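Visitor: I would like to learn how to read a model like this one, feature by feature. Could you take me through it, giving the general idea and then the case at hand?

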Amino acid sequence: MTSDRQFGQPGRWAVLAALVLLAAVMLVPFAIVTLNAFKSPAEYSSGGPLSLPHGLYLDGIVAFWQRVDFGLKLWNSLLISGVVAVAAVLLSVLNAYALGIGRVRGRLWLLVLFLVANTLPQEALVYPLYYLAKQAGLYDSRLAVILIFTVIQGAFGTYLLSSVLGRFPRGILEAAELDGASRWRILWGIVVPISRPTLMVLLIFFFIWTWNEFFLPMVFLISNDNQTVPVALGVLQGEKMMDATMSSASALLGIVPAVAFFLIFQRTLTRGITVGAIK
Amino acid sequence: MVRLGRSAAVAALAAAVLALGACGGNDGKSDAGGAAGGGSAEAKTLTLWHYETGNSAMGTAWAEAMKEFEASHPGVKVKFEEKGFEQIQKTAGMVLNSDEAPDIMEYNKGNATAGLLSKQGLLTDLTEEATKRGWDKLLSPSLQTTAKYDERGIMGSGKWFGVPNYGEYVMVYYNKDMFDKAGVKVPTTFDEFTAALDTFTKKGTTPIAMAGAEYPAQQLFYLLALNKANRAWIDSFELYKGKVDFHGPEFRYAAQTFSDWVKKGYIAKNSAGMKAEDMGVAFIGGKFPIMVSGSWWFGRMQEEIKDFKWGSFLWPGQFAPGSSGNIWVVPEKSKNKDLAYDFIDITMKKEVQNLLGNSGGIPVAADPAAITDAQNKELIENFNKLSTQDGLAFYPDWPAPGYYDVLVSGVQELINGDKKPEEVLDEIAQPYNDNLADIGN
C-alpha cells in the first residue's frame, strides 16, 4: 500500500475512471428525482423534467407528508421491516443450524425446496395467502405482512446460511462437544458469535428488502393506518394523471430512510463481506 | 475494530428487541382500538374510500359532501381514506370479499371493473334507491350506461350498481396565441379543422401534440372512426348490440386518415413512443397549437398554463369519446347501506354539483347559471351540448379486456408506418372477435 503502487499503474486510473463514470450514471436518476422534488408543478410543466428549479419549492414535500400522514407510514415500515429482519435472521439461524451443521437427512432436497420457494413470484402467492389471512383473522393487519415476509426472507436466509454453516470448522464443534456443551449452547455460544458478520449482513439485507416491498403490503394492508411507505407513494399515481413534482418529492422521502439505514450500517456490511473473503 | 463491531451488533440487537417489544405493545393497542371502533362503527361511522386528489374538482366537491353529510346526520362520523388508483384496481375484489370492505367507495366504471364485481355479487343493487331518490331522472341515458350492468356484467342495461357524479369527454385544447399568430380561427367543421392543420404544417409547426404509447393516439383514431359512424355502430362496437365490420367504412377511414395525417406531418413521427404526460407537458410548454384529449386535463391546464392564452372546443363531428366518470358503489358487505345511499344522494344535490362545476369538473346535475368561471362554463356547456346531441361515444378500449394494449400497439404501427392500415385493422379485429366468442355473443 505504498503511494507509488497506488498511483504508478495507469490501469488503476482506468479502473477508477470507469467506476466514477458508473457511479455518475447510477446517480443520475436520483439527481433528477431530487431536482424535480424541489420544483413547483408549473415550473415542471413549462420547463420539463431537466430544467433547474428557480427556487427551493418545499410545498410538494410538505403537502405529501401531510396528505398521507407520512410519519405514521414511516413508523409502520420501520416496525414491519425491523421485526421481519430480526425474526427472519433468527429463523434462518435455527434452520441452517439443523441443515448445515446438524446434517439432517435429505437436507439437499430441503434446500432445493427452499430455493424453489424463493423463486415463486409473489403474484402466485397472493390468493392462497389472502384466504389464509382471512381465515386467521389477520387480513389488514401488520402482523400478516410480518409473518409472510419473515417466512419469505427466512427461506432465502436458510438457503444461504446452510451453505455457510456447512463449511463451519468441525474442530471447534468437536472441542465444544468434548467439553460437554449442549447443542443449544454450541449454537448460541459458538456458531452465532463466529458467524455474526454474516448474520449482520443478512439482517441489513432483510431490512432493506422488506422496506422496499410493494405488492404484498399493498394487498394486505388495506387501511391507511397500516400502510407502509411504498404503498403510500402509490396514492400519487392517478388513473390518467400523474403529479410529477409531488411524485418526486414522495420518492425522495421514500428513499431517504433506506439510504440512512444503509449509511449507518455500511461498515458492518463491508466487514461482513470481507470477513468471508479473508478466511 | 472487533470491539467496535461487537458494540454495533449489540446496539442493533438491542434496537431490534426494542422494536419487537414495541410491536407487541402497539399491536395490542391497535387491536383494542380497532375492536372498540368496530363496535361503535355499526351505528356511528361511514367508511368512505375514493382516489381523487384533494384539490381536484371531485376531491373538493366530495369533501363538501362529507361535511354536509355529517351536518345532516348528527352522531355519524365519516371516516374517509384516500386510496391509490392502483391499489383499488388490483385489490378491490379481495377487499370487497372480506369484512374490511368500506361502506361506500369510488370505483372504475366498465365491464372489466364494476361489471365484474357486480357479476360476482360483491356490489349492492341500487335500482330501488335510484328510482326512489330520482337519480334516474338526474342522469341522461348515455350517462346511465355506465351505472347499469346486466347479469353477465356488461354495461348498458340491467340493474343499477353505481352512481356517477361527474362526466368526462375528449375535446380539442388549443393555444390561442399560436392560433392568432398563424391567422387560424377556431374551426367548426371537420374541413376547417383539417385546413387549420394544413396551415400550421405549412408554417413548419407540427400541429397536434400526440402520445403513441398511451391512450391519446387510440382516442384520436376512434374520433376519426366516429366521424363516419352513427349511434347504432357505437352500440354494436361498445355494447355488442350488433356486428362490427373492422373493414367497414368507419375503421377503414380512421386507419387511412390517421396514417395520412402522419405522412402529411400533422402528427409527429417521433410521437409513437411518447406518453400522455409528455404530450401534456409539451402542450403546456407551448410547443404545439393543438392537443386532442380528455377533460381530465382541464384543471391542470387552468393551473399551470401561464405564458399563453388557451381554450377548448368540441371535436368537429357529432360524437366524441366520453361517458360518465367513475361511480359510487356500495359493497354488498357494507355495514351501513342506508347511510351510503344518503351520502350518494348528497353528492347529487345542486350545491355539491355546482361546487364540482366551479372547481373545474363536469357536474351531471348542476345548475348552469351557478357556474361562475367563464372557462368552466364553456367546458360544461360543451359537455351538455355533446350529451344532448347523443354524442358520448365511450372509449375504444372498453369492449374487451386487455384491448387497451392492442390498440396502443396498433396505432403505434400506424404512426411508425410499420404496417399498412389494412393490416392494422386485422390486428385489432382479432382480439375483439375473440372476446365476443368468450362472452357468448
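Predicted model: local features only at pLDDT ≥ 70, side-chain atom pairs only at ≥ 80, totals over all residues.

Visitor: Which elements mark the lowest and highest confidence in chain A, and what does the predictor give for the complex?

Guide: For chain A the mean pLDDT is 86, and 94% of its residues reach 70 or more. Confidence in chain A is lowest in helix H1 (residues 3-8) of chain A, at a mean of 53, and highest in helix H5 (residues 70-101) of chain A, at 94. For the complex, the predictor gives an ipTM of 0.77 and a pTM of 0.80.

Visitor: How many residues does each chain bring to the contact, and which element of chain B gives the most?

Guide: The contact takes 34 residues from chain B and 35 residues from chain A. On the side of chain B that touches chain A, the elements giving two or more residues are helix H1 (2-44), strand E2 (77-82), helix H3 (85-96) and helix H13 (276-284) of chain B. H1(B) gives the most, with nine residues, and H1(B) is also the element of chain B with the lowest mean pLDDT. By class, the residues on this side of chain B divide into 14 nonpolar, nine polar and 11 charged.

Visitor: How should I describe two helices that pack together, and at what angle do H10(B) and H18(B) cross?

Guide: Two packed helices are described by the angle between their axes and the distance between the axes. The axes of helix H10 (residues 215-226) of chain B and helix H18 (residues 403-416) of chain B come within 9 Å and cross at roughly 80°, so H10(B) and H18(B) are roughly perpendicular to each other. B:Ala217, B:Gln218 and B:Phe221 of H10(B) make the contact with B:Leu407, B:Val408, B:Val411 and B:Ile415 of H18(B), a set of six nonpolar, one polar and no charged residues.

Visitor: At what angle do H18(B) and H19(B) pack?

Guide: H18(B) packs with helix H19 (residues 421-438) of chain B at an angle of about 175°, their axes 9 Å apart, and the two helices are therefore roughly antiparallel. Residues of H18(B) that include B:Tyr403, B:Leu407 and B:Glu413 meet residues of H19(B) that include B:Pro421, B:Ile428 and B:Tyr432. This contact has nine nonpolar, one polar and two charged residues.

Visitor: What should I look for in backbone angles, and what is phi of B:Tyr240?

Guide: Most residues other than glycine have a negative phi, and most peptide bonds are trans. Phi of B:Tyr240 is near 60°, a positive value in a residue other than glycine, and B:Tyr240 lies in the loop between helix H11 (231-239) and helix H12 (249-264) of chain B. B:Tyr240 counts as partly exposed because it has 19 C-beta neighbours inside 10 Å. Phi of B:Asp390 is near 55°, again a positive value in a residue other than glycine, and B:Asp390 is found in the loop between helix H17 (374-388) and H18 of chain B.

Definitions and conventions
Residues numbered from 1 in each chain as written. Chains lettered and ligands numbered in written order. Contact = placed C-beta atoms within 7 Å. Helix = DSSP H or I, 4+ residues; strand = E, 2+ residues; numbered from the N terminus. Nonpolar A, V, L, I, M, F, W, Y, C, P; charged D, E, K, R; others polar. pLDDT = per-residue confidence, 0-100. Axes fitted to C-alpha atoms, helices over the stretch in contact; angles between N-to-C directions. Parallel < 35°, antiparallel > 145°, perpendicular 65-115°, else oblique. Buried ≥ 20, exposed ≤ 12 C-beta atoms within 10 Å, placed from the backbone.
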